[in-house]
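Student: I have a structure open and want to go through a few local contacts. Can you take me through it?

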Amino acid sequence: MTNIEIRDFIANAIEENPVMLFMKGTPHQPACGFSARTSAALNALGVKYAALDILPDPRIREELSGLSGWPTIPQLFVEGELVGGCDIVMEMYESGELADKLGAEQPAGDEAPVPEPQERRQPPIGLENRLE
Amino acid sequence: MPSASELKERIQAALPGAEVAVEDLTGGGDHFRAEVVSDRFDGLSRIQQHKLVYDVFGSEVGGPIHALSIKTSTPHGGTR
């Protein structure tokens with residue numbers, strides 16, 4: 001893939017998915033605490049979202065940050081607009097703004113969602129085959 | 001390796017009059033948390049507020065500064 005193809009892919013993903021999360025790892029297997037918290041917040045709200053793992057190719061992150069002007073991962077887009085990274089998403093989750101924005105029900109209890117323990121536990125060494 | 005006090009000084013230099021607290025979360029000089037109170041944030045969205053702080057460090061965020069967690073507010077309280 002060329003850089004332009006990567007950029008187009010990212011731009012399309014943002015445009016086509018009303019709730020689009022760029023993260024390190026996947027919602028099932030986040031590879032970073034910030035990404036884990038952000039996807040856990042979306043999971044807690046029960047919203048459907050698309051997620052893209054930026055780790056397989058460093059150019060994904062470069063092109064994404066070039067497009068969004070935002071230097072860090074994760075990045076959450078809603079209706080094509082950057083909402084923020086982990087800090088902003090968690091602030092909005094706690095204030096109920098995120099539920100409003102996504103048309104979701106704020107779960108009972110005011111505790112911020114904590115990722116499942118197994119999601120945070122990284123094996124000492126792991127290899128995921130992405131060559132296929 | 002950047003230190004919490006260096007980050008604090010640079011944010012204060014970029015946003016004169018801001019109240020800044022920076023914490024080195026791991027002690028390793030690469031994961032930081034910054035709390036910034038500035039009237040420069042007045043009328044800005046959270047995204048714009050956080051970008052003002054990220055912009056102080058440019059491409060160092062994601063590089064030597066692996067993670068910079070940010071909390072912004074205005075002296076009047078709101079983050080909009």
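Tutor: Start with A:Ser65, whose side chain reaches the backbone oxygen of A:Trp70 at 2.8 Å. That is a polar contact (a pair of N or O atoms within 3.5 Å; within protein, one must be able to donate a hydrogen and the other to accept it, and residues adjacent in sequence count only if both atoms are side-chain atoms). This is a predicted model, where local features need pLDDT of at least 70, side-chain atom pairs count only at pLDDT 80 or more, and totals for chains, interfaces and linings use all residues. Residues are numbered from 1 along each chain as its sequence is written, and side-chain values use heavy atoms, with hydrogens and water left out.

Student: Is A:Ser65 buried or exposed?

Tutor: A:Ser65 counts as buried because its relative accessibility is 16%, and the cut-off for buried is under 20% relative accessible area (1.4 Å probe, protein chains only).

Student: What else is A:Ser65 in contact with?

Tutor: Neighbours within four places in sequence aside, A:Ser65 is in contact with A:Trp70, A:Pro71 and A:Gln75, contact being heavy atoms within 4.5 Å.

Student: Switching to A:Phe77, buried or exposed?

Tutor: A:Phe77 is buried, at a relative accessible area of 5%. Not counting residues up to four places away in sequence, A:Phe77 touches several residues, among them A:Ile14, A:Pro18, A:Leu64 and A:Val83.

Student: How far is A:Pro18 from A:Phe77, C-alpha to C-alpha?

Tutor: Their C-alpha atoms are separated by 7.6 Å, and the two are 59 residues apart along the chain.

Notes. Chains are lettered from A and ligands numbered from 1 in the order in which they are written. Buried means under 20% relative accessible area, exposed over 50%, partly exposed in between (1.4 Å probe, protein chains only).
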